[in-house]
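Please open the model in a viewer and keep the sequence panel at hand. The tour moves from the whole chain to selected parts of it.

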Amino acid sequence: MSVIKNNPFRILGVFANATSSAIAGRSMQMLAKLRTGLSAETPESLDSLCGTIERTPENISAARAALQRPADRLEHALFWFTSADAIDTTALDAISKGNLRLAEDIWKASPESVSACHNLAVLLLATDRTVEAQAAADRLSADRPRELCTLLAPGISMSSQELTALYRRLAPATPPPLHTAASEVIEAAPAPRRPKPRPAVSIRTAAEGKPSTLSPLSRYAAPSTEKEASKPETAILADEPERPDSIKSTIEYLNRCIGRLSDAKPSIEECSRFFDDADSGMSRLRNELERKDKAAYQSWADGCANHLMAALSRLGKYRKGEPKTARAMSLLSKCKSWGLSPAVEKSVNDHIARLYASKNDDTTTVIVICAVVFFIFLLRACS
């Protein structure tokens with residue numbers, strides 16, 4: 001859809017909640033790349049979902065100009081993704097890898113997040129589910145209009161009616177319903193009749209003294225247990241759903257773990273609790289999802305490992321021999337059993353190597369010793 005594919009935010013390679021300075025910096029960076037003949041592609045454009053886009057100095061400048069006024073920015077932001085927290089980051093990473101169903105499940109499992117509800121509406125619209133997208137956008141506009149405006153355009157304040165009217169005015173129209181007369185004809189049309197299977201004529205059964213299938217008494221004859229025993233039964237299996245409830249509940253559980261780690265004050269105890277909870281969730285998710293969609297599972301494993309590394313990095317300095325350093329190394333070593341991608345596993349190994357190479361901070365001790373020695377030398381010189 002043009003409202004998404006040619007969105008100014010997408011042309012500039014930024015998300016809809018980007019700051020004005022980030023938008024200006026990205027546009028200047030793209031113009032500089034085009035002048036030097038380099039590619040201006042960005043992962044934020046989500047080409048796997050919306051297709052490739054051709055960038056020129058003209059459409060980059062036009063996109064930046066289209067986002068100058070807060071009202072215009074809100075119009076375009078309604079039809080592009082935001083990245084407000086770790087849940088959005090994980091879902092957007094799944095979209096970039098082509099796993100749209102996982103991203104949809106992640107955002108559906110976070111109805112309390114305004115950005116998740118907004119992103120879900122954009123994803124539904126991008127996948128041509130216009131009716132569902134409008135319903136999701138209308139619910140969000142009616143329930144939390146102030147939070148939505150704060151997320152997309154901080155300088156604008158609109159009521160729920162104004163937001164709903166704006167979305168419906170700019171969104172692609174839903175396909176017209178089928179004509180009434182045509183629908184009545186389709187509903188009244190009789191179902192095609194299927195011929196009943198006719199029993200095969202068996203001359204051998206009559207010769208063996210068993211009733212023939214053509215005999216009028218065959219309906220009262222006892223069934224042949226020998227042939228029924230030798231005949232394998234045909235079981236009609238129901239189609240297995242692509243995303244059973246167990247996967248959705250596990251995703252909700254992991255979302256709560258990630259949210260708790262992001263909101264809590266960093267501590268090695270909280271990181272340990274997060275690992276214990278996430279480890280049980282990852283084992284459940286691996287059993288349910290890995291054989292069906294390995295890329296989806298690996299995306300979740302990478303996301304949880306990245307959140308753990310980010311939390312451990314916020315704990316300050318690590319000194320060799322301290323319990324905090326040993327526990328951090330143990331947590332990072334254990335999370336490698338989740339089945340990480342090679343890039344994330346390398347990042348985990350780099351973190352472990354830095355912790356192993358950490359040294360005791362003896363700067364204060366050295367300064368004190370030097371001061372004492374200098375003071376003693378000064379006393380002797382004066383005496």
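The model is predicted: local features need pLDDT of at least 70 and side-chain atom pairs count only at pLDDT 80 or more, while totals for chains, interfaces and linings use all residues. Residues are numbered from 1 along each chain as its sequence is written, and side-chain values use heavy atoms, with hydrogens and water left out.

**The whole chain.** Display the protein chain as a cartoon: its secondary structure comprises 21 helices and zero strands. Helices (H or I, at least four residues) and strands (E, at least two) are DSSP runs, numbered from the N terminus. Of the 383 residues, 37% count as buried (buried means under 20% relative accessible area, exposed over 50%, partly exposed in between; 1.4 Å probe, protein chains only).

**Helix H9.** Next, select residues 114–126, which form H9. In H9, 13 of the 13 residues are buried, so the helix is largely enclosed by the rest of the structure. Asp-128, which follows H9, has a positive phi, near 65°.

**The cavity.** Now select Leu-78, Cys-117, His-118, Ala-121, Val-122, Ala-137, Leu-140, Ser-141, Leu-148 and Tyr-167, which line the largest cavity. On a 1 Å grid over the protein atoms alone, a cavity is a set of points where a 1.4 Å probe fits but cannot get out, and lining residues have an atom within 4 Å of a point. The largest cavity holds about 70 Å³ of space, a volume being the space filled by probe spheres set on the grid points, which are joined across faces, edges and corners. H9 gives the most to this lining, with four residues; helix H10 (130–143) also supplies at least two.

**The nonpolar core.** Proceed to Phe-81, Trp-107, Trp-300 and Trp-338, the residues with the most contacts inside the largest nonpolar core, which has 95 residues. Such a core is a set of buried Ala, Val, Leu, Ile, Met, Phe, Trp, Tyr and Cys residues joined through side-chain atoms within 4.5 Å. Centre on Trp-338: residues that it touches include Phe-275, Met-282, Arg-286 and Tyr-297 (contact means heavy atoms within 4.5 Å).

**His-307.** Finally, select His-307 in helix H18 (residues 294–313). His-307 is buried, with a relative accessible area of 16%. Leaving aside neighbours within four places in sequence, His-307 is in contact with Ala-86, Thr-90, Ile-258, Leu-261 and Phe-274.

How values were computed:
Expected span 1.5 Å × (residues − 1). 1 Å grid on protein atoms, 1.4 Å probe; cavity = no way out; pocket = protein on both sides within 12 Å on 5 of 7 lines; lining within 4 Å.
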